[in-house]
Each structure stands twice: as structure tokens, then as C-alpha cells.
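Student: I should like to go through this structure and test each label against its criterion. May we begin with burial and aromatic pairs?

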Amino acid sequence: MNLKRCLLGLTIFAVAVFGLAGCGTGEKTASNVWRVGTDASYAPFGFQDEKSHEYVGFDIDIIRAIAETQGHEVAIKNLNFDGLIPALQTGDLDIAISDMTINEERAKTVDFTDSYYKAGLSMVVRADETRINSFDDLEGLRIGVTIGSTGAEAARGIPNADLHEFSTISDAFLDLYNGGVDAVVNDTPVDEYYVENKGKGIAKVVPAQINQEDLGIAVKKGNAELLGHLNAGLKTIKENGKYAEIYRKWFGKEPPAK
């Protein structure tokens, strides 16, 4: 009887010790993982690979490379673009990277890293479209944009425009294909990728960028520590050549000198 009690006591002790050890390891792992949000409909910045079903793209590679320099890992979460900043504010995400332009309005609610990419807006139209050759030609037409995007902001300034806002850029391109809108105003790299892939032969990019914009990685307002890690990591990958490697992989050319 005493032997049974002794064995039982040792068993309980062992379970308790290993249980505590397991909890400690879990906490360490969780704190070592950055929760990163992206809208996985913005190829080549972020999208889901059709074969592996993993999230891939320029933004995904950039944030993974930055995390590695800082001794962290990332867990990617797919959200609609207009849900990314609210998720940062509520603490559901640590980081948002999704072809996001740095502007004054967004900077009121989140903090941005240094610029990691220079983008610009352009227009996608159907391949047989002949009326639209410049931004001014959009006056009075039906324009597709994504909710909360800089494309939407720009389109609102077009006289008599019939604005159609979509949750994802994929939906906007689909509506263009179906004839629901006459043009889609969106970031040029995403437009070009679409036209060279799913939109090949059915759509084209109007060769006139509307503007130039800096893209940044967003964190919750006031999170200076995380922002510092991200900027340090970004600086490192630009200096060690990793950034250029990723840039060439997704855009097929060298990154700009500055």
C-alpha cells in the first residue's frame, strides 16, 4: 500500500513538472511569433498558392526575412484589406503588411515603418477598351476600387464617376471582366501581375501611372519597440542583399537605387 502511494506521488510530481515545463515552452514560442495580417488577394504582394495553399508573395517574403533577422517567426492571417487596421487596433494582429500606402489618414491610427517599396496607381481596362487612355478619361465612367484603398481615394476625385467599391481586388477585376465596371484603379504592380496572369488576353494596363506612393509595414499606434525591430530588420535585409533577392524574384528586375 505504501509502495502504491509512493508511486502515485511520483507520478503526480512528474506530471506537474512536465506540465509546467510544457506551459513555459508554449509561452516562449508564442512570444516569439509575430501575428501578421495581409489581404491575400494582392498578387504579387500576397496571395495563396493554388498548389500548396500557403501564403506567398513579395510582402510575405519580406516580413519573413525581417523576422528572421530579429529572431522571430511569423504566423500569417488573411483578412480583407479594410479589416487590417482595425485588427491592429484591437490587438488581434501585431503587424499588417499588404501593399499598404503610407498616408496621413492612416498614420493617425497606426505607425508605419520606413518605406519598403515605391508603388503607384494605374488603371486596368478590358483588352478591347479604346476610350480610356488617361486618368482624365475616367470622368463619368464606372470605376472599380477596393474599400479603404488609395485607389478609392483617387477615384473619388473624378468628376461624375460611378464608384463601385469591393472587398477584394479579385472581385473588382472579376466585375471588370463581367462588364460591371469600365476600369479598375489600383496599385500598378498588382495590375501588371493580374494582366500577365489571370487577366492575360482579357485586360490591359493603361500605361500612365497616376502617382508615386511609399508602402509601409503597419503596427499599432505607439508600439515603438516592435516598430524598431521592423525597421532594424528592414535595414539589415537591404544591406545584406536579401531584399534585392526577393525583389528580383517577384518583379523580375533590380530594386530602385533608393
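Student: What makes Tyr-42 buried?

Tutor: In this predicted model, Tyr-42 has a relative accessible area of 3%. Buried means under 20%, so Tyr-42 qualifies.

Student: Why does Phe-81 count as buried?

Tutor: Its relative accessibility is 7%, and the limit is under 20%; therefore Phe-81 is buried.

Student: Why is the pair of Tyr-42 and Phe-81 called tilted?

Tutor: The ring centres are 5.9 Å apart, and pairing requires them to lie within 6.5 Å. The planes make 45 degrees; stacked needs under 30 and edge-to-face over 60, so the pair is tilted.

Student: How do you know that this pair ties together parts that are apart in sequence?

Tutor: Tyr-42 belongs to strand β2 (residues 41–42), whereas Phe-81 is in the loop between β5 (73–78) and α3 (84–90), so the parts it joins are 39 residues apart in sequence.

Student: Why is the pair of Phe-47 and Trp-250 called edge-to-face?

Tutor: The angle between the planes is 90 degrees, at 5.9 Å centre to centre. Phe-47 is buried at 16%, and Trp-250 is buried at 17%.

Student: What makes Lys-238 a charge over the face of Tyr-243?

Tutor: Lys-238 lies over that face at 5.4 Å from the ring centre, where the distance limit is within 6 Å. Tyr-243 is also one of the rings in a cluster linked by ring pairs, which includes Phe-45, Phe-58 and Tyr-247.

Student: How do you know that the span of helix α8 agrees with expectation?

Tutor: Helix α8 (residues 224–239) has 16 residues, and at 1.5 Å a residue it should span 22 Å; the end C-alpha atoms are 22 Å apart, so the two agree.

Student: Why are the buried residues of α8 said to line one face?

Tutor: Among them are Leu-226, Leu-230, Leu-234 and Ile-237. Seen down the axis of α8, the buried residues fall within an arc of 165 degrees, so they line one face. They pack against elements including β1 (33–38), α2 (58–69) and α9. The face turned away from the buried side carries the exposed residues Ala-224, Glu-225, Lys-235 and Glu-239.

Key. Residues numbered from 1 in each chain as written. Predicted model: local features only at pLDDT ≥ 70, side-chain atom pairs only at ≥ 80, totals over all residues. Heavy atoms only, no water. Phe/Tyr/Trp six-rings, centres within 6.5 Å; stacked < 30°, edge-to-face > 60°. Helix = DSSP H or I, 4+ residues; strand = E, 2+ residues; numbered from the N terminus. Buried < 20%, exposed > 50% of the residue type's maximum accessible area, 1.4 Å probe, protein only. Lys NZ or Arg CZ within 6 Å of the ring centre and 35° of its normal. Expected span 1.5 Å × (residues − 1). Arc of directions from axis to C-beta. Contact = heavy atoms within 4.5 Å.
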